[in-house]
Amino acid sequence: MLRYISRRVLSAVPLLFGLLTITFFIIRLAPGDPVSLYIQSDVDPQYANNLREALGLADPLPVQYVKWLKGTLTGELGMSFSKHTEVTRILAQTIPNTILLTFFALCFNFILGIIIGIITALKRGSAVDHAVNITSLFVYSMPEFWLGLMLILGVSLHLGILPASGMHAPMAKYLSMPEYVWDVFKHMILPVFVLGVASAAATGRYMRGSLLEVINQDYVRTARAKGLSEFLVIGKHALRNALIPIITLLGLSLPFLLGGAVIVETVFSWPGMGKLTIDAIFSRDYPLIIACTMVSGVMVILGNLVADVLYALVDPRIRYE
Amino acid sequence: MSPRYLFVALLCCGLLVSCGNKSGEKDPMGETAVVALSGDADNLNPVVANSSTSADIQGSIYPTMFDVTFNMREGKLEFEPSLVTSWEFANEGKDVILHIRPDVRWEDGILVTPQDIKFSYELYGDPEVASPRRSYLESMIQTNDKFDVDKSIEIIDDTTMIFHFTRQYPLQLFHLNLSPVPRHIYRNADRKTLRANPANEHPIGAGPFKLEEWTRQQQIVLTRNNNSTLPYPAKLERVIFRVISEPTTRLTELKKGEIDIMRPVYPEDVSDIQENNPNIKLQTLPPRSYEYIGWSNIDVKEYQASGKKNILPHPLFGDRRVRQALTYAINRKGILDDQLGPYGELAVTDFSPVFRWAIQHDLIPYPYDPERARQLLRASGWSDSNGDGVLDKGGKDFEFTLYYNVGNKRREYVATMVQENLKQVGIKVTLQSVEPVVLYQNIEAKKYDAFIAGFSVGLAIDPADRWGDINSPFNTVGFQNKRVAELLKLGLHVATERDAGPFWKEIQAILHQEQPCTFMYWVKDIVGVNRRLKHTNVNILGVTDHMWDWMIGDPNSAVTY
Amino acid sequence: MSEPSVVSSSPLLRFLHRNVPGVAFLRGGHRTFGYLLLGYFLCFPVIIFNTFSEFLRAYESMAISLYLLAVDTAHLVVFWRGDIIEHWVGALFLIAMPVVLWALNRRYLRRKALEGDEHELSQWALAWREFKKNRIAAAGMLVIIALYTEVFLCPFLAPFHPNAFQDGIVTKYRAPLSSVTVLHLKNDRVEGMEMSALQVNPAHAGAIRKLISLNRELTDEGFSRQQAVDAYRIEGANVMATVGNELVVLPIAKLVDSEPDKFASERFYILGTDSYGRDILSRIIYGSRVSLTLGFIAVLLSVTLGTFVGLTAGYFGRITDTVLMRTVDMLLAFPALFLILIIIAAFESVTVPRIVLIVVVLGLTSWMGISRLVRGEVLSLKEREYVLAARALGFTHHRIILRHILPNTLTPIIVNATLRIGGIILVEAALSYLNIGVQPPTASWGNIIFEGKDVLAQAWWISTLPGFAIVIVVVCFNLVGDGLRDAFDPMLNNERL
């Protein structure tokens, strides 16, 4: 088992390395001088060059690359050009927010998806099945940003029930702990819903298929034949086994969610990495862009790793080879 | 598996809290004011900060040399004592003697001394630091084209210092109003990386507020600095600057009372607020920034290709008649009415109407007159000789790309209107939106033929940075005019501001005639203030001016002082 | 099903049966299909009839251009304007599509007469028969066909020019199903046709003049001789009109007619207007052009690339396979949107139009899934007897891949591509929403939504309506994709127990 895990971890390393290299070179080929963010044009070009040197932009590209690689490996991600501070510092403020959002979206996705899957599988062919299927098709085909806007329009602007954006109320810092959690929770409902609901539709479909397959297997028939109640048959025997392949979805849905987070965070002004990345791209903040991409890449790779390991743990049929 | 339980647990938690919440209602906003920002501050160190947001915030953290106000009736800046208690001019106005308050302390208890001030000016003037305000020191003593701090600043004793200028001019006090930073904090700082110095995250000031927290892209929290004597600790306990980039959200939060003060409110939202939100007071700021369409007067291709040496007239816009025609052809009034209505004013030149004494009132704004535009274009040789609807001359069509920044609705509107208007006179415009960073960089480097930009004028008239020689920092269109250059010299060497009036008036007449760019309109920002916030002083200097006097009061009482 | 004898019916019916697509199906008992086909076929004459003058002008313009191409190419180049092509394409399509339908119908009838109902069915025909059984998927297909037809016919279908606006103060933020009053002004503009500067052969001058005026009329946005007003009244020889807060005085002499019925009319906005006063419906119609063509081309690109990589990796195996598939893994680890954003931001240069860049980037960032799929197929096909036999016979790799492997991977590719178009359309919309998509004022569904998002509270329709368009299209593509999968792979039907 350990060997399997370490093998998987090792194989993730070149993946990550390639990912970073690609990002680095794409970014450095971009037009647009980041130093202009710092200084005005009346500053002597010579001093502009000094600044460029201080930021490490004056070296030839390969040298920059090696320097940057060294920095990255030692956890030194450099200075953000646009925010005048260390990248690690900014990331430390934003990553938790994104993790919070995606984690709950993931939970929401799986809970809703599994429920949908069970209902549609058990009631297959019924009106409920069709209605759920059609609804999920529509949800799945919706642009996330549009769904977000529509919810803001309906729920926040018209009904005024939930906050339209941000992560907490301005005074959240001075709230008591439970009040604080409640405040964040309220802000989180809409973005989590938007982020999770589309994947939930997909998960539901997958779950339906998986459950249908299991239900037709011999052991379930045996259980039925034994005269067990339908609830027990499904809940105890079928569901457990049907859930196993769902685990692989965990790894698959992560890149999807992180990409979606870019949009959802922008729509809801959620102070996370997605929004940060957009800001960074617009201001040509190289170190920040690279760091954001790296973090999202790591999250995806880790997610896949966790999914694989979980799968291996749950399903004894998998060989650790 | 485990996530599921976690979620359920958290959900239960949330529900419990929601029940608990209703019993203990209280107003957590008590003594706190909330200001909305559309973007985060870039830096809180006054030496290197670049954005106006930063300036608004650090003004209450760091000590200010003078207490500056803008006298709207006179149209000029007025200086009152702050860190500087009194001042006098000597040596034919070339020397300024400042008396510094002896009893001001930095937040950490150390006295603010003339050494701090001198050190700070050294930072402002150090080319390695590349401060955006380095040009303020240009008229002090220079050695080898560098600001010479020792020759320029003389410390007499603990409360007296002399600044030496090379000449007397109206902006001297304005240029002496740079905020000092504590020397004991920055003494050993690396100059080149001053922008990213960790100390910038925790500014040590002496003003009425101090920084409590700065969460990037979210909020900046200032709290009262109880030890401040400059002028006194803030009356409010706390001011929160919240970054909300979505205009819709910003507005919603203002209406809900989550935000106390917000700039700008968009003109289209005004009537709605007036009808439905009596708790919000709307105030209009005097015109300080304008938008313009830059027509490059010089041939940018040649200019770039020759390494900024060859300066030739632009093939399209080099001709003054063409530039005039463009202004005639653009329905500026229509755009203004549509976008700003009463919250804007047609711009004649870039001399803000607030400088009443310096305004040339005889100039009549160019009306919208496409016919006149066609005539002028024909006169300068442009005609539609092949009937394709686009003017041409010598086989080349009159077409160009107009650049503007992504994400600015008003600019996009202007761009679309200009495209439409110019089509009517036979000019083909392609629109291209560019990210702000890239746009400004290319404008400053003079790479665009035509672009839409805005400009915020200083509160002391200094047209040299726009209409001086071709290398002036904001001469974005490459305008050159001998007479203007002469007038600038004359205007900037007079003893008092008022004396420069006639020169400024002549410059306006020339600009009006030459139309180096099409001046669109002045913008009068609308500020929304929740009536519970008292003693606000929303004026041309900004919304946070004298923020330390703000108080929270009964929103229904009319008292505003 | 018993086919009514053609011979026994009246000559008119017989003519219709032969020449109007759909009639034969109607009479043959395929009612739904027959009506749909007939309806689709009849759309074309209706559109032509409705926009007849424009239709004629497009052909005239085309004819003169062709004539000039033959006799005076140099001047055609001078007078050439690119925006006329959409009218030509539309006009050609209006004729070509019915003709194609007619020809297909004839061929179908002839075949049927020869073979009867019992002809042998190819794999494709079988799949088609399966597909048709799936009513919902077939409906989706119809919507898609209608939309792609609309893409070609934008200029003939949109009520207004998508970028046309005037008197914004009156026309902006009009709600759906509202109208504004417009006054029609006389055409007093002197058109500067100063051709003297060019040495035009007098023999062609007439043709050129005609072409110029035709093109002008075709590309005219149409509002230049109109004035939108909030209200107006006649006072003596003037019309007093309120425009926003202002009172405009127009001498009646400047209007096209002195009768209010003739100089004033109502301009109707079915889906409202945006912040400029542009018609949302027209913008959505033109926006479909961006979304649908972009989706199609990007998918074509990604399918080509993905198939190529997948075939190469799967067929050659070993080190090639490892390298290619590791690359695929790596690219899949990127959240795709990050990659797209970075590339667009980085390579957004002035010389390449943004739309081309987006197509390429979307194509280049979405091929990985397909290559995995194709590789898997190839791996299994490689071991089949007929491939082994071909190898044993010493056929070239080239021939084996093209003749024996590729055709058998086509069905999953087609299914996958169909499902993917929807996804690509969503990504394009998202890019436009992030303001790095298609350059305004060109309409795309994403940037219409973007333009409306700041005024959501006051003008909900701007952002809401194009969203529905996106949802409908994506739903249809997903339906068709699912339908195709089921049709091609009867095995899967077992799943629908």
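Which strand of chain B does β1(B) pair with in the parallel sense, and over how many bridges? The partner is strand β12 (residues 238-243) of chain B, and the two strands run parallel over 6 bridges, where a strand is a DSSP run of E with at least two residues, a helix is a DSSP run of H or I with at least four residues, both being numbered from the N terminus, and two strands pair if DSSP finds at least two bridges between them.

This is a predicted model, in which local features need pLDDT of at least 70 and side-chain atom pairs count only at pLDDT 80 or more, while totals for chains, interfaces and linings use all residues. Residues are numbered from 1 along each chain as its sequence is written, chains are lettered from A and ligands numbered from 1 in the order in which they are written, and side-chain values use heavy atoms, with hydrogens and water left out.

**A strand in chain B**

Within the pairing with β12(B), A36(B) has R242(B) as its bridge partner. Strand β1(B) is also joined by 2 bridges to strand β13 (residues 261-265) of chain B, again in parallel, and there A36(B) stands opposite M262(B). Because 6 of the 6 residues of β1(B), which covers residues 32-37, are buried, the strand is largely enclosed by the rest of the structure; here buried means under 20% relative accessible area, exposed means over 50%, and partly exposed lies in between, with a 1.4 Å probe and protein chains only. On one face the buried residues are T32(B), V34(B) and A36(B), and on the other they are A33(B), V35(B) and L37(B).

**A buried residue in chain A**

T98(A) belongs to helix α4 (residues 87-122) of chain A, and with a relative accessible area of 2% it is buried. If its neighbours within four places in sequence are left aside, T98(A) is in contact (heavy atoms within 4.5 Å) with L258(A), E265(A), W270(A), G272(A), M273(A) and G274(A).

**Two interfaces of chain C**

The size of an interface is often given as the accessible area lost when the parts come together. Buried area is used here in that way, as the accessible area (1.4 Å probe) that two parts lose on being put together, summed over both. Between chain C and chain B it is about 3100 Å², with carbon and sulfur atoms giving 42%, and 35 residues of chain C touch 34 residues of chain B. Between chain C and chain A the area is about 3800 Å², of which 81% is on carbon and sulfur atoms, and the contact takes 42 residues from chain C and 48 residues from chain A.

The interface of chain C and chain B has 7 residue pairs in polar contact, both residues being at pLDDT 80 or more; a polar contact is a pair of N or O atoms within 3.5 Å, and within protein one must be able to donate a hydrogen and the other to accept it, while residues adjacent in sequence count only if both atoms are side-chain atoms. On the side of chain C that touches chain B, two or more residues come from each of α5 (73-79), α9 (168-171), α10 (202-219) and α19 (445-452) of chain C. That side divides into 14 nonpolar, 8 polar and 13 charged residues, where Ala, Val, Leu, Ile, Met, Phe, Trp, Tyr, Cys and Pro count as nonpolar, Asp, Glu, Lys and Arg as charged, and the others, Gly among them, as polar.

Between chain C and chain A there are 4 residue pairs in polar contact, both at pLDDT 80 or more. The elements that give two or more residues to this side of chain C are α13 (318-333), α14 (336-347), α18 (397-433) and α20 (460-488), and α20(C) gives the most, with 13 residues. The residues here divide into 31 nonpolar, 4 polar and 7 charged.

**Salt bridges**

A salt bridge is a side-chain nitrogen of Lys or Arg within 4 Å of a carboxyl oxygen of Asp or Glu, and the structure holds 43 of them over all chains.

| Pair | N to O distance |
|---|---|
| D338(B) and K172(C) | 3.5 Å |
| R205(A) and D482(C) | 2.6 Å |
| K255(B) and D272(B) | 2.5 Å |
| E371(B) and R374(B) | 2.6 Å |

K255(B) lies in helix α7 (residues 247-256) of chain B and D272(B) in helix α8 (residues 267-276), so the pair ties together parts that are 17 residues apart in sequence. K255(B) is partly exposed at 26%, and D272(B) is partly exposed at 23%.
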